[in-house]
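The entries follow the order in which I looked.

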Amino acid sequence: MTRRIATKPFAALLGALLFVSAAATAVTLDELQQEIDTGKFDAAARLSQTYLEAHPGNRDARFMHARALAGQGHVEKAIAEYEKLAADYPLRVEPANNLAVLYADQGEYDKARKWLEKALATQPAYATAHRNLGDVYTALAELAYRKALGTDDDDTKLPLTMLDRLYYAQESVAPGNAPTPAPAKRPATPNSNSDTISDQASRSIIQTVRAWAQAWSAQDFDAYTDFYADEYDPGDGMTRQEWLELRQARLNKPEDIHIRIEDPSITRLANGAVQVDFTQEYESPRYSDRVDKQMVLTRTPAGWRILRETTGTN
């Protein structure tokens, strides 16, 4: 006797699986971001989980999933997710900033301070993180004062700002508006009629160059290219888009690299630009070199950015 195979249940199951797969791929990052921006954290948590099932490890979806967890009140889970992101992307301010907000909400101001200072050490031109750090310093001072009076009562809720998305590239510290305690304050550009550069401006410029080297060492393409001005001229007749594609291909190679900056010096140029001369050491398992380098940087709303760079032998 010939046995008949029940194809309808199988077809129904296959259709259901295909539907689930299509639904997963149909979710977009823009849709996720819209849910976050409108405060619909329950929906954002569901959509981000669905998106991550279809795109495991996606950086933006992971960030939005953590933000959704925080918005739902799942603080410990959100902290765990942000700490993983901060470990994977140590040059990004946003996970560290949001960790500081969550810790501050729990009254752990010292942890909040450490996360913000760590973030600003590599990305100094971040206004939100500067403002948050100023509020945390104030809270720490008030806490010390209360302890001196013999009371630990604290029902203060700090007005810290949680970041809802990655890469607020336009954020910068307006001159004079950064809180004084913040160690990585970006000062205003010195007077263009003066040939001297203030100590604060010099520190800010050198810190920018060192952060650029750290971004390169970490092979973080977004952080690395953010240090270049829109008007950056790569030279050799290359367009900016061609240069970006070339740099992305090189930075994406799975190789351990280290870039070190030695003996930086600054010369003031016309129109507020500066030239930074330094020795650059490049080291990887297969290649190493030591070269003299010159960079021309200009002040932009986002901070100091690279206009040109040239390399010579050492």
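I began with the hairpin that β1 and β2 form, which has five residues between the strands, and I noted that Asn 271 in the turn has a positive phi of about 60°. The model is predicted, and local features need pLDDT of at least 70, side-chain atom pairs count only at pLDDT 80 or more, and totals for chains, interfaces and linings use all residues. Residues are numbered from 1 along each chain as its sequence is written, and side-chain values use heavy atoms, with hydrogens and water left out.

Strands and helices here are DSSP runs numbered from the N terminus (E, at least two residues, for strands; H or I, at least four, for helices). I found β1 (residues 258-268) paired with β2 in the antiparallel sense over nine bridges, where pairing requires at least two DSSP bridges between the strands. Ile 259 has Tyr 282 in β2 as its bridge partner.

I then followed β2 (residues 274-283) to β3 (residues 288-300), and this pair is also antiparallel, over ten bridges.

Next I looked up the largest pocket, for which I recorded a volume of about 670 Å³. Its lining counts 26 residues, and Trp 216, Tyr 224, Arg 247, Arg 250 and Lys 293 are the closest to the centre. For the search, a 1 Å grid is laid over the protein atoms alone; a pocket is an open set of points with protein on both sides within 12 Å along at least five of seven lines, a cavity is a set where a 1.4 Å probe fits but cannot get out, and lining residues have an atom within 4 Å of a point. At least two lining residues come from each of α9 (199-217), α11 (240-251), β2, β3 and β4 (303-313), and α11 gives the most, with five. I sorted the lining of this pocket into 13 nonpolar, four polar and nine charged residues, with Ala, Val, Leu, Ile, Met, Phe, Trp, Tyr, Cys and Pro as nonpolar, Asp, Glu, Lys and Arg as charged, and the others, Gly among them, as polar.

How many cavities of 30 Å³ or more does a search of the whole structure find? I noted two, and the largest cavity holds about 40 Å³ of space. Among the residues that line the largest cavity are Tyr 89, Arg 92, Trp 115 and Lys 118, and helix α7 (residues 109-122) gives the most to this lining, with three residues.

Last, I checked α4 (residues 59-72) against α6 (residues 93-105): Phe 63, Arg 67 and Ala 70 in α4 meet Glu 94, Pro 95, Asn 98 and Leu 102 in α6, contact being heavy atoms within 4.5 Å.

Notes
Grid points are joined across faces, edges and corners, and a volume is the space filled by probe spheres set on the points.
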